[in-house]
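I opened my notebook today to look up a few things in one structure. Come along and check each entry against the picture.

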Amino acid sequence: MSDYKYDLTILVPAIRQPLWKRFYDSACKACKNYSFEVLFASPFDLPKELENISNIRLYKSYSNVPITMQKATKTIESDLLWHSVDDEIMFEDSLDKCFEYFYDNCTDKDVVNCRYREHANFTSPEFPLYYWKVKNNPELQLKGIDKEWEISLQPLMKTNLFKSLGGFRCNLGINYSNHLHMDLIFRIQMNGGKIYHSPVEVGNADHYPGRSFDHAEIHDCQIYNDLPIFSRIWDRLDNPIVVDYDNYLEIDRDWTERFDFKYKSYNEMVIKKGYVK
């Protein structure tokens, strides 16, 4: 680990600036024994209270979520990479326990699925282990997906594994990260990697159901764009394990369905879009 600047990069696709300080504070409690950085991938600037913290960085882009994340990974100098979300609060010592589990159990090909819970107002109970299995997810019953595979939306893996497989298949035209996380996790398992489930839940995430508040564009793109593309691709048997790491270049553009105007802040976006809780 001494060859790396940090043990861990926490990569966070983010728009909700008022939540970022809370996120960072919880990360400090979750990861006390290892060095880490938080890399926010967002079109918006860091809040002033975070500007001078040495292990916080910002990658700015108005591209869609997977393209912004993919571009941000090119700046990472860490041993491990973990994906999170900006409305998550991490549990104390949880990342330390996941780190220890990774180094005790995983090869460079493997992943720890950092289990989390998610529901409106942080009210979710712990998800049962079967939640993370393909065979218990109806939308994943497709020809190219092994029913014995596992899923993960917040994977902890070697940064070099992500990069060596080409990261996300951004050129599929999927606009949010969930289905491309599953695509990546399935390619990792095709590559002989194992998915281990974390010994503890890492955190608790808030959630706006359906099209409520600022979730409308995310809901719509997942239902009407991302799921149909994902289903068509994975109902085939010819999906590649490795893709071009620069595959986003052929499709990169501003995500105007989400950012119809180059808003300068989350609060401006909320006001001009008329989001109402």
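**Entry 1: Ala-41 and its surroundings**

I began with Ala-41 and set aside its neighbours within four places in sequence; the residues in contact with Ala-41 (heavy atoms within 4.5 Å) are Leu-11, Val-12, Pro-13, Ala-14, Tyr-59, Thr-68 and Ala-72. Before going on, I noted that this is a predicted model, where local features need pLDDT of at least 70 and side-chain atom pairs count only at pLDDT 80 or more, while totals for chains, interfaces and linings use all residues. I also noted that residues are numbered from 1 along each chain as its sequence is written, and that side-chain values use heavy atoms, with hydrogens and water left out.

Ala-41 is found in strand 2. Is Ala-41 buried or exposed? Its relative accessibility is 5%, so I wrote down buried. My cut-offs were under 20% relative accessible area for buried, over 50% for exposed, and partly exposed in between, with a 1.4 Å probe and protein chains only. I also looked up Leu-184: its C-alpha is 19 Å from that of Ala-41, and the two residues are 143 apart in sequence.

**Entry 2: Salt bridges**

How many salt bridges does a search of the whole structure find? I got 25, taking a salt bridge as a side-chain nitrogen of Lys or Arg within 4 Å of a carboxyl oxygen of Asp or Glu.

I looked at Lys-60 and Asp-45, whose side chains meet in a salt bridge at 2.8 Å, N to O. This pair links distant parts of the chain, 15 residues apart: Lys-60 sits in strand 3 (residues 56–60), and Asp-45 in the loop between strand 2 (36–42) and strand 3. Lys-60 is partly exposed at 45% relative accessibility, and Asp-45 is partly exposed at 40%.

Next came Asp-183 and Arg-169, with a salt bridge of 2.6 Å, N to O. Asp-183 lies in helix 5 (residues 177–190) and Arg-169 in the loop between helix 4 (159–164) and helix 5, so this pair ties together parts 14 residues apart in sequence. Both Asp-183 and Arg-169 are buried.

Arg-211 also has a salt bridge, to Asp-220, with the closest N and O atoms 2.9 Å apart. Arg-211 is exposed, at 51% relative accessible area. I then found a network: Arg-16, Asp-86, Asp-87 and Asp-214 are joined by salt bridges that share partners.

I traced an open sheet of 3 strands, in the order 5-10-7, with mixed pairing. Two strands pair if DSSP finds at least two bridges between them. The edge strands, each pairing on one side only, are strand 5 (88–90) and strand 7 (116–118).

How do strand 7 and strand 10 pair, parallel or antiparallel? They pair in the parallel sense, over 3 bridges, and strand 10 spans residues 203–205. Arg-117 has Asn-204 in strand 10 as its bridge partner.

**Entry 3: Cysteines**

How many disulfides are there? The count is 0, where a disulfide is a pair of cysteine sulfur atoms within 2.5 Å. For Cys-106, the closest cysteine sulfur is in Cys-114, 9.8 Å away, which is too far for a bond. Cys-170 is in no disulfide either, since the nearest cysteine sulfur, that of Cys-221, is 13 Å away. Cys-106 is buried at 15% relative accessibility, and Cys-170 is buried at 1%.

**Entry 4: Helix 7**

Glu-268 lies in helix 7 (residues 266–273) and is buried at 19% relative accessibility. After helix 7 comes Gly-274, with a positive phi near 75°.

**Entry 5: Positive phi**

Most residues other than glycine have a negative phi. Phe-122 is not a glycine, yet its phi is positive, about 60°. Phe-122 is in the loop between strand 7 and strand 8 (155–158) and is partly exposed at 25%. Phe-213 has a positive phi too, near 45°. Phe-213 sits in the loop between strand 10 and helix 6 (216–234) and is buried, at 11% relative accessible area.

Methods
Helices (H or I, at least four residues) and strands (E, at least two) are DSSP runs, numbered from the N terminus.
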